[in-house]
Amino acid sequence: MANGPAPFSEIGKRAKDLLYKDYNFDHKFSLSIPNSTGLGLIATGLKKDKLFVGDISTLYKSGNTTVDVKVDTYSNIYTKVTVNDILHGTKAALSFNIPDHKSGKLDVQYLHPHAAVDSSIGLNPSPLLELSAAIGSKDLCLGAEVGFNTTSASFTKYNAGVAFNKPDFSVALMLADKGQTLKASYIHYVDRPDGFTVAAEISHRFSSLENRFTIGSSQSIDPKTVLKTRFSDDGKAAFQCQRAWRPNSLITLSAEYDSTKIFGSSTKFGLALALKP
């Protein structure tokens, strides 16, 4: 819903995306081949240290239905079928992996002008149940989520959060890790031609009294290039440069320096190439 609250998973997502999204310290390649008939093909490869893994996925869209099938290096087959607008504002997704016969899962999302509800249930004899909800508006929302393991009759998670959003800033407060961690995040869009944006995330863990923080920035150095930086209290500094060298095709260079690492390499580099003809 345009004026309704976003799902609970979106609380704090703006700041998190600026601080962590697309940072990659391995070598990654992806090729997307869209098709006017609704059938698309995506090939992805990842080289991590001396290990190379990859997958090929096909995406088929017809009306309100989307079918996504992915095959990885180890011959595992991941399938997801999504149907939009089964009822007004309702979306359902059925997913399963082969050969894991216990991996079936049904997800249902309902969006209302004043609420957003997501539910998930495992399709096996001892399913994992998950439920999240957010109420309010697109400017101010309050939400919570809970997960329950029917096998052990125990809660796997229970978190809560609140977010306040405006066009030029967003602030979120989250009680996570079953109430053990308090997180606060803030992102501010500065009114500048280069789209300069700053974000910060602070967390406090009650059991250990540990405090952590991360700050970062993003700005366009030209119409096709975005530069991001990130600094954290653990002595790590990261840099990312992403360039659209042709429409819908991106090349991303990431680097991270760890000032606390005395032995071994203190610097990591990563390169990601995404092609879409």
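**Surface patch, aromatic contacts and cysteines**

In the predicted model, a nonpolar patch on the surface is formed by Ile-135, Leu-140, Leu-142, Val-162, Phe-164, Val-171, Leu-173, Leu-175, Leu-182, Tyr-186 and Phe-206, which together have about 870 Å² of accessible area. Two or more residues of the patch come from each of strand 10 (140-149), strand 11 (154-166), strand 12 (169-176) and strand 13 (181-189). Strand 12 makes the greatest contribution, with 3 residues. Leu-182 lies in strand 13.

A search of the whole structure gave 5 aromatic pairs. One of them joins Phe-148 and Phe-155 edge-to-face, at 5.3 Å centre to centre and with 70° between the planes. Phe-155 also pairs edge-to-face with Tyr-158, at 6.1 Å centre to centre and with 85° between the planes. Partly exposed positions are held by Phe-148, with a relative accessible area of 26%, by Phe-155, with 45%, and by Tyr-158, with 41%.

Charged side chains also meet aromatic rings. The charged end of Arg-230 is placed over the ring of Tyr-23, 4.3 Å from its centre. The charged end of Lys-70 is placed over the ring of Tyr-78, 5.5 Å from its centre.

The count of disulfides is 0. Cys-141 is buried because its relative accessibility is 6%, under the 20% limit. Cys-241, at 22% relative accessibility, counts as partly exposed.

Definitions and conventions:
Residues are numbered from 1 along each chain as its sequence is written. This is a predicted model: local features need pLDDT of at least 70, side-chain atom pairs count only at pLDDT 80 or more; totals for chains, interfaces and linings use all residues. Side-chain values use heavy atoms; hydrogens and water are left out. A disulfide is a pair of cysteine sulfur atoms within 2.5 Å. Buried means under 20% relative accessible area, exposed over 50%, partly exposed in between (1.4 Å probe, protein chains only). Patches are made of residues with over 30% relative accessible area and no salt bridge: like charges are joined within 9 Å, nonpolar side chains (Val, Leu, Ile, Met, Phe, Trp, Tyr) within 5 Å. Accessible areas come from the Shrake-Rupley method with a 1.4 Å probe; for residues, only the protein chains shown count as cover. A salt bridge is a side-chain nitrogen of Lys or Arg within 4 Å of a carboxyl oxygen of Asp or Glu. Helices (H or I, at least four residues) and strands (E, at least two) are DSSP runs, numbered from the N terminus. Rings of Phe, Tyr and Trp (its six-membered ring) pair if their centres lie within 6.5 Å; planes under 30 degrees apart count as stacked, over 60 as edge-to-face and the rest as tilted. A charge sits over a ring if NZ of Lys or CZ of Arg is within 6 Å of the ring centre and within 35 degrees of the ring normal.
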